[in-house]
Structures are given as structure tokens and as C-alpha cells.
Number of protein chains: 4
Amino acid sequence: MTTNDSTAGRTGVWFVGARGSVATTAVAGCAAVTAGLHPATGMVAETPPFADSGLPALSSLVFGGHDTASCPLPKRAEALTAAGVLPHGLPNTIAAELEAADAEIRIGGPMPGDTRDDDELIAAFADDITAFIRRTGVVRAVVVNVSSTEPEPAADDPRLPASSLYAAAALRAGCSYVNFTPSTGLRSAALADAVQASGLPHAGRDGKTGQTLLRSVLAPMFVQRALDVRAWSGTNLLGGGDGAALADPAAAAAKNAGKERVLADTLGIAPEGEVHIDDVPALGEWKTAWDHIAFDGFLGSRMILQTIWQGCDSALAAPLVLDLARLVARAHEAGLSGPLPELGFYFKDPDGGPAALAEQFDALLSFAERLKESK
Amino acid sequence: MTTNDSTAGRTGVWFVGARGSVATTAVAGCAAVTAGLHPATGMVAETPPFADSGLPALSSLVFGGHDTASCPLPKRAEALTAAGVLPHGLPNTIAAELEAADAEIRIGGPMPGDTRDDDELIAAFADDITAFIRRTGVVRAVVVNVSSTEPEPAADDPRLPASSLYAAAALRAGCSYVNFTPSTGLRSAALADAVQASGLPHAGRDGKTGQTLLRSVLAPMFVQRALDVRAWSGTNLLGGGDGAALADPAAAAAKNAGKERVLADTLGIAPEGEVHIDDVPALGEWKTAWDHIAFDGFLGSRMILQTIWQGCDSALAAPLVLDLARLVARAHEAGLSGPLPELGFYFKDPDGGPAALAEQFDALLSFAERLKESK
Amino acid sequence: MTTNDSTAGRTGVWFVGARGSVATTAVAGCAAVTAGLHPATGMVAETPPFADSGLPALSSLVFGGHDTASCPLPKRAEALTAAGVLPHGLPNTIAAELEAADAEIRIGGPMPGDTRDDDELIAAFADDITAFIRRTGVVRAVVVNVSSTEPEPAADDPRLPASSLYAAAALRAGCSYVNFTPSTGLRSAALADAVQASGLPHAGRDGKTGQTLLRSVLAPMFVQRALDVRAWSGTNLLGGGDGAALADPAAAAAKNAGKERVLADTLGIAPEGEVHIDDVPALGEWKTAWDHIAFDGFLGSRMILQTIWQGCDSALAAPLVLDLARLVARAHEAGLSGPLPELGFYFKDPDGGPAALAEQFDALLSFAERLKESK
Amino acid sequence: MTTNDSTAGRTGVWFVGARGSVATTAVAGCAAVTAGLHPATGMVAETPPFADSGLPALSSLVFGGHDTASCPLPKRAEALTAAGVLPHGLPNTIAAELEAADAEIRIGGPMPGDTRDDDELIAAFADDITAFIRRTGVVRAVVVNVSSTEPEPAADDPRLPASSLYAAAALRAGCSYVNFTPSTGLRSAALADAVQASGLPHAGRDGKTGQTLLRSVLAPMFVQRALDVRAWSGTNLLGGGDGAALADPAAAAAKNAGKERVLADTLGIAPEGEVHIDDVPALGEWKTAWDHIAFDGFLGSRMILQTIWQGCDSALAAPLVLDLARLVARAHEAGLSGPLPELGFYFKDPDGGPAALAEQFDALLSFAERLKESK
């Protein structure tokens, strides 16, 4: 393990969606890797280029969060084990860590029938986060949205979507913020001033874990080879809660916008083709993404590339979420503020920066260097 | 199109394997693009970054070559049209260009029963090339090997393989050299001194057109994401002459060495898995490559990526071959000598340089800049 | 060729959608096979079991039809050649047959602004068919719907959909009828009495050419092996006119009903999973269908079968359409009337009979026997 | 479940390869289904058509066998649970049944350095089986070969292969016999007289669990639709012991013979294309089979079907092995003798009968009827 623990104290990670599959896998995985039970597969921030960047050590992370569900983390971890996401026996081995995190989870909202207005909700959420920081004695905390994708807000809705309420609460509690979902979060016009005034760093949006990850390496290949992409079609089959959430066309629209952006940004055109997201509960925590790319070669010859990606979304997301929490907390410590386009490597819909994965990786390595120098 | 014709004169392109599918497609395609009948899809050297690099214009290329087959180019072009490689009607439209190239093709060798020794063969081939240069008045010529893959030479064979005879002839005729095949070419210990003494630039080996192209973008993705590739298996189905040539296990071994190198170089380990190359004449000029990649994610979760690439090898190779001929001829003009690792973008088994396509592309762009400055 | 020409005279085939890809391919293919230019690949009725069933010979078929488009058949055939559906040179070789069929095509309808009511349209269409029979001297004619899929009719629409107008015209003209599309055709409650009274044979609905064909052999396999299909998901990418027509959700709904029926009928349950039909014009006349089948094996083990079907719909449909025209015309001659469930082999949504292809094939062979005996 | 226990007593199942994945899964699964813990998914003999055929009940089966390995069954079952083949917790729940079977396993052979000749080995194996029958009091026993594929025997080897020694021992002990592997078993000329004289029923060879199962439904589809299969290529990736055994080219040859037979028998021709079997230990107990089928449609149009089958071989094989043991034991009871071609449904290389799965299923159902009548 190469992480230097340059921060004297501990760092808080406050999950919005703290009882979901991603958060549960992140908490369990952090404990497992810290205990030396598993290698740090999938954690980019644990590779050598980040060794001296002063990231908070995995062992220094303290977890808490909001959720509207009540199933305890140890039970969620058992379910993820039965689903093949977590290894056998792990929930028992790290029961203490799961219970500790579970004790720091507070009811989120707004729940059905909740009569509080936006400001009251923000205040309540901020109080929860502030109390967590005080209670645990962490030197700072980062709020990370890993909850289910919410529908795109209607243009004329005066209320903020829930993801923005939590994001505003993060600012109010003095926390940096990561949005790993396609939901609005800080990207609400209503929050622009608060973001600006906060001087806090933040990163988003929509973690790049599967089909879009592939697209961000394949699309540049076609461009570099001067091949003419005619149509790029995709179908995603996913079970778990995410499948059900995305069966809502408005939520799917939010997700697809990110997926299509990487093609348009890289290819310079929007090729023909659609993206489907199907809810297939039988797949459990696993997902399958099929892509079909029709392209023209020399003299108009018709060629086809197809890809089939079969992965577990929580297992793909969790190490990236831990990376982001540590990188953004470190940026906060280093005094950086505003969006961090250097973290575009992690997102479908980043805050600027290049769209090709190779260039995003270069930017991330430069960011690691910059953090080193700011120590 | 943005090519500047900075060379006053014309440039010769001498194909070893001049009646094969790749050479025929290159000659036909060069004529078609020059005539404005088709866009320059697949020609990287026709994209803006190369506009001022002083490459010889497509319209300035003069074709000739060696082959042991005798089928005239116009007839080969008709066959490629029936096979769906060339567009309908094209052979008729560019009959003059095909006939002109056909008139510059000489019998190669050694043919069965040929009693000439290596030096006599080299001399004869060099004479053919020299005569072509004199007859056509080109300012310089580049020899490009696009013939069928030859079996790996036996360690104790005192004779040079045919590809090396042609490569030696190129040097003797003062020509730069490109090896688009996995055959030995200039990479024979017996030719090391001659290469060194010639002061000529050369590039190789084994054009990267399909499965390996994909591998050179996918393997870096796994590395950058810290995912653990456990097994990478591949099957290639190809018809045409290439399928038959590669059904010879020794020839397949030569080809597979290049394919596996990109994985080992990028991943830092050689994962489990084999590569098969099957001769399937029913596929005609088309090939299909299936790759199956088993990788571990966070906490040992098992995931799979599969890719299916369906392309026409000649149509993929021809624009790259034209690129290489122009880039190496320009390097010759610019006084560069020895291997050109900056052209690793085009090869499975390059003369050094990075293994990831993105970095190879950056190196190629730098090379384009360097050529600009040397004008 | 094994067909006996037991009918003294000729048989008319009247296509609804006579200028479409399927009809054009059928006319061209019938001429090509009759002339001995191509084998009868894809024509089940040309295999030995049908040799003595008294089917009208391919050489005895006379083509005509309705269409709202005006592009002449020879030009449509050229376009299909450029698209890779018809072999090079074929349109020239069989120009006479294409022109003969083109001369027998009449404008269909209702066209925009058409003020005729349903009965007037039926009468006009029937007159066209009757005139064709008289003019060509065929002993009988069969009307075959191969036009684009029409949207599912609204429940409260008092007008008949166009496909039903043509079907009613067939009855009025004393013709047997085949519906190769998912459109309503004869399956309108408003036509039930006329169908009954006519005493004419008819067959439908929705030709089974690709994804559903596969499903009708794969679904029985799961049942026979007592494997538990959990989810069956599919995506179809298609260009051509069909892609555009099916981009209309109402038309797609009509098509999908047939696709899902085969699963429900065979598996006894409707598994999870959706079917998408995407319009991808870049694919031209070709289509790709991806199916993903999640099934449980022994002790709940999770397994997956995926299929990718890449075919040309017109080339798949045309020989089946010719089969059906001949089988139904022969049934007419033999005095059969009403629906022919023995032809379920050809349809996604047949008029009864088994759902598994193997049993449908057995039923078809029995039908061939029955036709023999009725001679 | 509908099985009638028409036999008063219990039936022995003697596995050759009793500590392998298939046998372990069969023992564990039989216990799990008997206990009502899991449905009988994958067990054809538990479906309604077999209800009154007098098969021995699952609960009446008593397991034992030979193996050269020594790892106890409960430990093997734990390993299969970790590999995802058996459900969590199952080994604990059925520990008694696993231990009971383990107590009935004897060392097989010949082990390295074994000096016994063939007849001595046969006698020793037969003694083991006879002692098992006596000790457990079963009314009869069936010997089932589920051991690793052995290399094809050399033509001039005077010794019998191990699989034939076990098969001869089965006859000597008066047991019926099932060969679920591609090994020789009873199909040795040296055993022909003994088979004939024994009057015992037997079935084989080479269980049809994945790629060949698919081929036996897809190949008939092409034939029934008069489509022209040009090339059928396949690659199998498998881990576990089977992958390693089949990495031996001689063993792979034995396996491939069966795979190709189904195509030749169904299509009437042997299409182009090869079959590869790769050892990929990273896949554990899971296997992936990719098939690529190039076929011609109407007028020579080129089309492609690809299939990807991802399954767990042990979970696919175990229920079929239990089916076969019960069916052959029942045939023995009913006085049937010799090969049972009606069981071709289960085998790649059956003892005669049709090659298409649908017809094999019909034959199996007839066999179930015949057993009913013989009660």
C-alpha cells in the first residue's frame, strides 16, 4: 500500500444514499483493503503516481450519511454477498466497521408527507453533517452523492430536487462535494451563488463505470484512425435499484444525456443510434451493456464493432467513489476551490476538460503532481 | 483536403505483393481519392495535423512492385469489387491508373526451381526497383511489404527469407522501407550492417488493423482504472489469401507474437488466454475477431468484456499503407535515418515507443510537427 | 429443381407494397432462380418434400400489385444491388421480368387528400386486381401484403386500416390472401363475415425472418431442458424503410406483440425483458438483432445466452413470400378455405398451431403431404 | 414433484470420477432437491411426462464411486460454493449426505506405478462396486462415468484406456452403464462381446451441455429454412479441471469429434470452420462458448449468426447425470438391454437416433411412455 497519511487527523465521508449498494460496497471495501484482506483493485488513487499526493489514507476515513431507507448496513452487506458483489465471509469479518458506519446514518428526505420547505430541509441536512463532524472529530468531510438517479427536474418547478438540497447542505456545513450520479446536485442555477461564495471544491457528474468508460476509449480510436462512425447504438440491462429507477423515462433521459455527450464531444458529431436502459431485476446487482458501432472505412466499406460489457456496478463504482472522496478532500485541504475538471477521468459529464479517457488520465496524473507540490 | 505538395517531383511506391488485395486496394483507393470520388476515410495523413508536414501528395504517387502472381490489377480490382471491398463501378472509372500500375509490376521470387542464390536475387530485385525509379522519373521511392505472411524462418536456415531479400534490395536501390507484415524484412541479423550503413529510414512491423488496434486502446483502459486483467482470449476468422497463409502454424506464430506483445507491454504481465487464427474461405475478404477479456474488479468481483470486430482487412490496411509510404518517403527527404519509432501507431510490433494507442498517436502528431520544422 | 408444374396455367401474385424491397427482391429472385442463375436458397417449397405437392412452378408466377410509391422496379432493383441485397448485374440480366412486373403495378391508397370512403377504396382495389387477372389470363391470384408495418389502429376508429382495405379487396376479387406484415389485414372484426362467406384460404401474420425465428428454436430448447428462463431482452437495429416505419411506437407495438407471443406461448410465462426496434438508416437494408437471455440452471446457478443475428430482411423475406404465395394458391386450387394454421412455420403470429419451429416444420410437411393427396 | 417411487428399494449410483465437480454437484443437488430446498431446475426427468415412468425417486438414490483424488466431498462442495456453483450454506445443510457419499468412494486407478494388468484392475473395480451394492442393499446400481476426458487411445495400444476398465467392471458387477464423457468407455472393440453377453442397458457418449446443445437446435433451423451454412466456427473457454484436461490436443480431439458430428449429421455436409477448446483457469467453474455461423440466404446474400453461451458446466451436467442414472436404472429394471438410442437427447455422440434436439426430445418422450407401459 503506497498511501502516505500526511493528514494528522481523520477525514469524514458523508454518503447521500448511505444504505445503497455503492455506499455499502465502499464502506465494506475500504475496511477490507485497510485490513489487508484484498488488494486495492479498481482504486486508481492507490497506484504509485498518487503515493506522495498527500491523500487521506483509507484507514483514516470515517463514514456516515443520509438515506431514506432503514435496512442496517450489516444486513445490506449480507444481501450484497448473496448477490455475489461482496466476497463470502466479508460482512462477518468487518462487522465492526459496518456497524460503526451504520450508527452514523441519519434519515434523509424529503419523505412523503414532509411539510418542511427547501430551506428547512437544507438546514436539517446540514445539521446532521455538522453533528457528524463534531461527534467523530474528523478534520474535514466530503459529501458524496451515490443515491439513485432522480428524474430530471421540470423546468418550472420552484422546489429544488433532493440532490440539490443535499448539495446545498454540504456547502452550508463547509464540506466539499462529489456528485457520482446524473442528478442535478450543485448544477442548479439556484445554487450558483452559494457555490461561488463557499470557496469549496467539488466534482461531478455521473460516474463513468461501464458503457461510457468503453466509449471514452473507443470513440477516440475511431477519430485517431480517421474512420467514419455512422451509428452508435447501445442497450443496457440492469437489475438492482438502479434498473428500476432508470425505468422512469425522465431518469433515463438524465443518464443518457451523459452517455451521448462523450460521443458528441469526441467524434465532433452525434452519430445515429439510440441508448436503451432496461430494468431486468433477474440480473440482480449485475449489468450488461451491448454497444453496436457501424463505421465506414476506406472507400465507404461498411464495418462493425460490437462490445458486450458484463459487470457489477457497485463493484465498479465503489473504488472510484473512494478515490474521489480522498482526492476532493485533499483538494479541500490544499485550498483548491470550485469545479475540478482534472477529475473528468471519473465522470460521464465532467466539469470541462477533455472527453477521451487517455487525456483525462493524463490530466488526473497532473493533478496528482499538483497535490504533491502543494504539500 | 489539406495536403501540400511540397515536393516538386513525384514519389515512387514499390509494393512487395503488388497484386495482392492490400496493394490493389491502395492503388485503386489512391486514384479514387485523388479524383475526388471518395473522401479520405481511414487516411490519418490526410487530416489537418499533417497539412503542413510536406508529405508527398496522393496525386504524386507512382506505383509499381514485385509479385509472384500474374493476375492483372484491373482483374484483381474487379474481384475485390465483387467481394464488396471496392465500390461498384470504381475499377472502370480508374482503369487507366490500374493499368499504369500493372505495367510497373515485375515477377518476384524466388519461384520454385529458382537456382539463384540470395545475392543474385537481391541484385535482380534491386535492378527492378532502380529501373522503375529511372523509368518513371520519381525523385525517390519507398518499398512497402504487403505480401502474405511468411512462416517464421528456422533458426539454422542459412538462406534469407524472401521478405529479407526484398528488404535488402530496397537498401541496395537506395529506397526507404516499410514492413506492413509480420515477416522478417529488415529485422534479420544478417542485414544489420547494411541497414546501418544505408542511412535510410525504415518502419515496421505488422500493420495494426483490427483486433490489435482494439487491444491497444482497451488494455490501457484496464491499467488506468487499476482493474486486474486475468485472461485475454481471442479468435480471428479470416478468408482471403491471408487466412490460408496464416493457417500455417509457423506463419500464425509470427502474427500472434505481435498480437500478444501489445498486451504484455501494456499490462506489464501476460494474461492467460490464447489467440487463434482460423482460415474461413467463406468469409472472403472479411474478417471477424472475437475477444473475451476476464478481469477482476473491486474485492475480486469477476467481470467480462467481449468485443466483436467485423472488418475488411484490405480496406483497413490500404489507407494506412498509403500513409506510411508518404510519411517514410518524407522522412527520407528530410534526411532521417534508421527506425522510426514515432510510427508505432501503425504497427503491432513497432520499433520501440509506447504500446498504448493514445500515446502512439501523440508521438505521431509530434512526428508531423517535426517534419514541418525540417522543411 | 424439383417443382412439378401440375397447374396447366399461370398463377398471379399481387403484392400490396409492390415497389418495396421485399417485393422487388421476390420478383428479381423468382426470375433469377427460374433462369438457373442462382440456387433456390431460402425457398423451403423448393426442397424435396414439396416436389409432388402440385405447387405452381416459379416460372408460372405472374407479378403485379399496388403501391403508393412510383419508383420503377428496375430502378429499385439497382438500388438493392448497390445495397448488397441483389447480386451485381442481376437487374440487367432480368430487366424484362422487372419491367413486366412494373407494368402491372397500380397506385394504391388511400393517398393524402383521398376523399373516397372505405367501400369505394375496396372496390377500386378489387377492380385493379380483377383487371390484372383478366389481362394476364392467370387461373387464379393470391394477394400478398408486404408493405410497411402500419400503426396499430385506434380502438374507436370507424375506418378500416389500409391493410384491411386491401385484404377486403382480395376477397372481393376472389383471391386468397397472405399477410406477411404485423398489420391488421383480414384480422379485423369488420371483415369476419366476409372472410367466412368467401370460402377462400388465407395465411398470416407477420413473417418470421430473424430474431423471432431464433426465438422459436431457442425457447423450446430451454423448456425441453427444464431450464428456467428469467429474462429475455432484445434490441433490433434496422435501416431501410422498415426501420423508419417501426420508429413509430404504435407500429413497433404491433411488431413486438408478435415477438413476445412466441416466448409466452413456448415458455408458458412471459419472462422479464423488453424488445427495442431502432431505426438506424446507416445499416441500409441490413439489420442486427441482439438477444440476451438470462436463465437459471440447477440449484439456481445463473447463466446467459446471447445471440447476434445479422441479416438482410428482404433477402430473408423474399423466398418465404414466394413459398407462401405458391402454397396458398395451391390451397385455393385444392379447395381449402379459411386460415391455414399449418403455415405457422412462416409467421410470428400464426393462425393457431404450435409455437416451436420444429413442430411447425412437421405441420408444414404434413401440409405438403395433404396437398399431394388432394391432387 | 411428481415422481412415483415404484421401486420398493433403493438404487445405487456409482460415479467414476466421484470427487469431481459434476459428481459433487449431483450428490449435493440430489440432496437439496430431495429436501425441498431447491426446485428441480434442469432435471428433465422430474417434468410431468416422466411422472408415471417408474423412475427411481431422487430420495432413493445411494451414491458411491471411484476416484484417484482424495479431497473429501464436503470440502469439494465448499470449493464449489466459493466458485459460485453451489448456493451458500448448502454444504452445511446437507453435510450428512455428502459424508455418506464420501464414505462410499474408493481409490480408482491405475495409479502411477500400478503393476496390475487390465484384468486385475477390472476385477478390483468390480469388487468395489459389488461390495457397495451388498453393503448398501440397493436393488441395482448404475455406473456413470463423469471423470475428466482422457486422450484418444493410440490405435496400437494393447492396454484398455481407464474409462474402458471401469466400464468392463460395471458389466462384471452386473450394472448398467452411462458414459457422460467423450472417453472410450464401452465403445472399445475389446469389450464388444462382453457388452453383448451382459444383456445390460447402457447409454452414451459425451453429455451435451452447452455449445453442442445449441448447435443441435440451430443447425436444424438452417436446414428447415433451406439456408446454406457456409462456415461454423467455435471457441470454448473453460477453466476448472476440464479446461486443463482438454488443453491436451488428444483429449480435445475426442471432444471435438462429438461437436462436429452434430453439424455433419444435421446439415448433411461438414461446413468450414474449426472448434477450439482453451484452458482459461481464471474462469474457474464457468465456461464461455462463442459460435460464429456464416450462412448464405436468397441469391447468395451473406448473413451471420453469433451465439455466446456462458454457463457452469457442472451445474448443466449434474441434473442430466441424475436423469440418466435414473432412466438407465429403470431400463435395467424393465429388462431392456444394449444401447438406448432414445437417450440421444442427452449426448453429443449418441448411440444412433436423430441429431436434431426436437426429434431427440420426441424420442425421449416416447421412451418415457414405453417405460410406463412396461410397469
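Contact in this description means heavy atoms within 4.5 Å. By that definition, the contact between two of the chains of this predicted model takes 54 residues from chain C and 54 residues from chain D. Residues are numbered from 1 along each chain as its sequence is written, while chains are lettered from A and ligands numbered from 1 in the order in which they are written. Local features need pLDDT of at least 70 and side-chain atom pairs count only at pLDDT 80 or more, whereas totals for chains, interfaces and linings use all residues; side-chain values use heavy atoms, with hydrogens and water left out.

The model scores ipTM 0.94 and pTM 0.94. In terms of pLDDT (the predictor's confidence in each residue, from 0 to 100), chain A has a mean of 93, with 97% of its residues at 70 or more. Over residues 1–7 of chain A, pLDDT stays under 50, and the model has 21 contacts beyond four places in sequence for this stretch. Where pLDDT is low, the predicted coordinates should not be read in detail.

Helices (H or I, at least four residues) and strands (E, at least two) are DSSP runs, numbered from the N terminus, and two strands pair if DSSP finds at least two bridges between them. In chain A, 7 strands form an open sheet with parallel pairing, in the order β3-β2-β1-β4-β5-β6-β11. The edges are taken by β3 (105–107) and β11 (338–339) of chain A; each has a single partner strand, so one side of each is left without a neighbour in the sheet. Within the sheet, β5 (residues 176–179) and β6 (residues 201–204) of chain A pair in the parallel sense over 3 bridges, and Tyr177(A) stands opposite His202(A) in β6(A). Helix α11 (residues 313–333) of chain A packs on the sheet and touches β1 (11–16), β2, β4 (140–145), β5 and β6 of chain A. The direction of α11 makes about 140 degrees with that of β4(A); axes are lines fitted to C-alpha atoms, for helices over the stretch in contact, and angles run from 0 to 180 degrees between N-to-C directions. Helix α4 (residues 95–103) of chain A lies across β2 (61–67) and β3 of chain A, at about 35 degrees to β3(A).

In chain C, 7 strands form an open, parallel sheet in the order β3-β2-β1-β4-β5-β6-β11. Strands β1 (residues 11–16) and β2 (residues 61–67) of chain C run parallel and are joined by 6 bridges; Val16(C) has His66(C) as its bridge partner in β2(C). Helix α5 (residues 118–136) of chain C packs on the sheet, where it touches β1, β2, β3 and β4 (140–145) of chain C.

Between chain C and chain D, the buried area (the accessible area, 1.4 Å probe, that two parts lose on being put together, summed over both) is about 4400 Å², and carbon and sulfur atoms give 69% of it. Arg225(C), Phe298(C) and Leu299(C) supply 22% of the area that chain C buries against chain D, more than any other three residues. The largest share of the side of chain C that touches chain D comes from β10(C), with 11 residues.

Between chain A and chain B, 54 residues of chain A are in contact with 54 residues of chain B. The buried area there is about 4500 Å², 70% of it from carbon and sulfur atoms.
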